[in-house]
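Let's take a look at this protein chain together. Keep the picture in view while you read, and try to find each part as it comes up.

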Amino acid sequence: MKTILLIHGPNLNLLGKRDQAHYGSLTLKKLEAIVKAEAKVLGYRILPFQSNHEGELIDFIQKNSEKTDGILINPGALTHYSYSLHDAIIDARIPTVEVHLSDINKRESWRKISVTKPACIGQKFGKKEKSYLEGLTLLHKKLTTKKS
Ligand code: DQA
């Protein structure tokens, strides 16, 4: 079975307690369960990981990318400034989709910038958990489209 890493960055362990207008009411556990269920239908195993520490996220990507087919990542605020996370995604050499619960383009101006997006095959945002399902669909399309 193919494997997808489901990675969450800083503060996303507090989902359910954070501003629900932006992030919805689901806990991280519930969100992971929703993604896992949809991934299973598409034929993937999900390996979830959350950390509040940039280096731990990079260590996780480095440790697992060789035996993994794709990455679905919500880097949290690291999205907006972590060049090392950008590089870790590039170096993983597997399709990666960036996802956000909130609409980062309709909030503070600094949230409109994603330094990790250029390392990804796509970005889905603004639809709460549906952003993740759209991200998964995009990843699935990429993984099942034969290269010519
Ligand atoms: C977020 C958006 C980020 O700007 C923010 O720092 C987060 C969550 C989202 O999912 O909407 O922690 O990535």
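Predicted model: local features only at pLDDT ≥ 70, side-chain atom pairs only at ≥ 80, totals over all residues.

## Overall build

So what is the chain made of? It has 5 helices and 5 strands. Starting at the N terminus, the elements go β-α-α-β-α-β-α-β-β-α.

How does the radius of gyration fit with a compact globule? For 148 residues, a compact globule would have a value near 15 Å, and the chain has 14 Å, so the two agree. Along the principal axes, the C-alpha atoms fill a box of roughly 40 × 30 × 30 Å.

## Contacts and charges

Take the contacts between residues at least 6 apart in sequence: 75% of them join residues at least 24 apart.

The chain also carries 24 positive and 15 negative charges.

## Zooming in on threonine 27

Where is threonine 27? Look in the loop between α1 (20-23) and α2 (28-42). Threonine 27 has a relative accessible area of 38%. Buried means under 20% and exposed means over 50%, so this residue counts as partly exposed.

Which residues does threonine 27 touch, leaving out those up to four places away in sequence? They are Leu15 and Gly16. Asparagine 13 is 14 residues from threonine 27 along the chain, and their C-alpha atoms are separated by 7.8 Å.

Note on methods:
Residues numbered from 1 in each chain as written. Heavy atoms only, no water. Helix = DSSP H or I, 4+ residues; strand = E, 2+ residues; numbered from the N terminus. Rg over C-alpha atoms; globule rule 2.2 N^0.38 Å. Contact = heavy atoms within 4.5 Å. Lys, Arg positive; Asp, Glu negative; His and termini not counted. Charge placed at Lys NZ, Arg CZ, Asp CG, Glu CD. Buried < 20%, exposed > 50% of the residue type's maximum accessible area, 1.4 Å probe, protein only.
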